Amino acid sequence: MELDVHKEAESKMEKTISVYKDELSAIRAGRANPALLDRINVDYYGQITPLKQVGSVSAPEPRLLVIQPWDSKLIPLIEKEILKSDLGLNPSNDGKLIRLAIPQLTEERRKDLIKIVKKNSENAKVAIRNTRRDAVDKIKKMEKDKELTEDDRKQAEDEMQKITDKYITKVDEVTAKKEEELMEI
């Protein structure tokens, strides 16, 4: 028995997973990934603009990111924003490109990053459970308003729990994959 409440909740949970994956992509795993710079914004002629809209970002080597701004006047601004970020990277430029060497992660830093991943994982699970709670409240209201029988309500709540379990499992899978990525040397 699929209700609009289920579809709405599943859509919200899917969005939670998407946001969680975005958060994880910004956590550096010791290898060059252009997604590391997705949160960097540059003041481009008075407009705050994402880095990927003012230049190209590539990873020509496993431990190197290269940023090629379309306007070389942006190089000092991009460097400043990278230094201000929490990425811990030191940019170097040759007047045309910015190079970011990705240092090897220390064991201690890996453990810190895994703690951050676990915290983000828990936040994603809480968001999913909150979505479930809201959906169950709507289902109970539907029963109260005589739109559902008691048996239908129980069936709808069971279905909602199955949907929730599916998304909690997805969070665990994404988390395990990121932890594995962080622990590889």
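**Figure 1. Arg 133, with a relative accessibility of 46%, is partly exposed and forms a salt bridge with Asp 134.** The model is a predicted one, in which local features require pLDDT of at least 70 and side-chain atom pairs count only at pLDDT 80 or more, whereas totals for chains, interfaces and linings use all residues. Residues are numbered from 1 along each chain as its sequence is written, and side-chain values use heavy atoms, with hydrogens and water left out. The N to O distance between the side chains of Arg 133 and Asp 134 is 3.5 Å; a salt bridge is a side-chain nitrogen of Lys or Arg within 4 Å of a carboxyl oxygen of Asp or Glu. Asp 134 is likewise partly exposed, at 35% relative accessible area (buried is under 20%, exposed over 50%, partly exposed in between, for a 1.4 Å probe and protein chains only). Across the whole structure, 16 salt bridges are found.

**Figure 2. Glu 8 and Lys 12 form a salt bridge and belong to a network that also contains Lys 138.** The N to O distance between the Glu 8 and Lys 12 side chains is 3.9 Å. Both residues lie in helix α1 (residues 4-25), 4 residues apart, so about one helical turn separates them. Helices (H or I, at least four residues) and strands (E, at least two) are DSSP runs numbered from the N terminus. Glu 8 is partly exposed, with a relative accessible area of 37%, and Lys 12 is partly exposed at 41%.

**Figure 3. A salt bridge joins Lys 52 to Asp 38.** The closest N and O atoms of the two residues are 3.8 Å apart. Lys 52 is in the loop between β2 (47-50) and β3 (55-61), while Asp 38 is in the loop between α1 and β1 (41-44), so the pair ties together parts that are 14 residues apart in sequence. Lys 52 is exposed, with 53% relative accessible area, whereas Asp 38 is partly exposed at 37%.

**Figure 4. The largest nonpolar core contains 27 residues.** Such a core is a set of buried Ala, Val, Leu, Ile, Met, Phe, Trp, Tyr and Cys residues joined through side-chain atoms within 4.5 Å. Tyr 20, Ile 128, Met 160 and Leu 182 have the most contacts inside the largest core. Helices α1, α3 (107-144) and α4 (150-183) each supply at least two of its residues, and the largest share, 9 residues, comes from α3. Apart from residues up to four places away in sequence, Ile 128 touches Met 13, Thr 16, Ile 17, Thr 164, Tyr 167, Ile 168 and Val 171, where contact means heavy atoms within 4.5 Å. A second, separate core of 18 residues includes Ile 40, Ile 67, Ile 75 and Leu 89.

**Figure 5. Helix α2 (residues 75-84) has buried residues at Ile 75, Ile 78, Glu 79, Glu 81 and Ile 82.** Viewed down the axis of α2, these buried residues fall within an arc of 165°, so they line one face of the helix; the arc is that of the directions from the helix axis to the C-beta atoms. Pro 76, Leu 83 and Lys 84 are exposed on the other side of α2. The packing partners of the buried residues are β1, β4 (64-69), β5 (91-93) and β6 (98-101).

**Figure 6. The largest pocket has a volume of about 330 Å³.** Among its 15 lining residues, those closest to the centre are Glu 23, Ala 26, Ile 27, Arg 39 and Asp 86. Helices α1 and α3 each supply at least two residues of the lining, and α3 gives the most, with 4 residues. On a 1 Å grid over the protein atoms alone, a pocket is an open set of points with protein on both sides within 12 Å along at least five of seven lines, a cavity is a set where a 1.4 Å probe fits but cannot get out, and lining residues have an atom within 4 Å of a point. Grid points are joined across faces, edges and corners, and a volume is the space filled by probe spheres set on the points.

**Figure 7. The structure holds 1 cavity of 30 Å³ or more.** The largest cavity contains about 40 Å³ of space. Its lining consists of Val 5, Glu 8, Ala 9, Lys 12, Thr 131, Asp 134, Ala 135 and Lys 138. The elements that give two or more residues to this lining are α1 and α3. Thr 131 and Ser 11 are 120 residues apart in sequence and 9.9 Å apart in space, C-alpha to C-alpha. Ser 11 lies in helix α1 and is partly exposed, at 48% relative accessibility.
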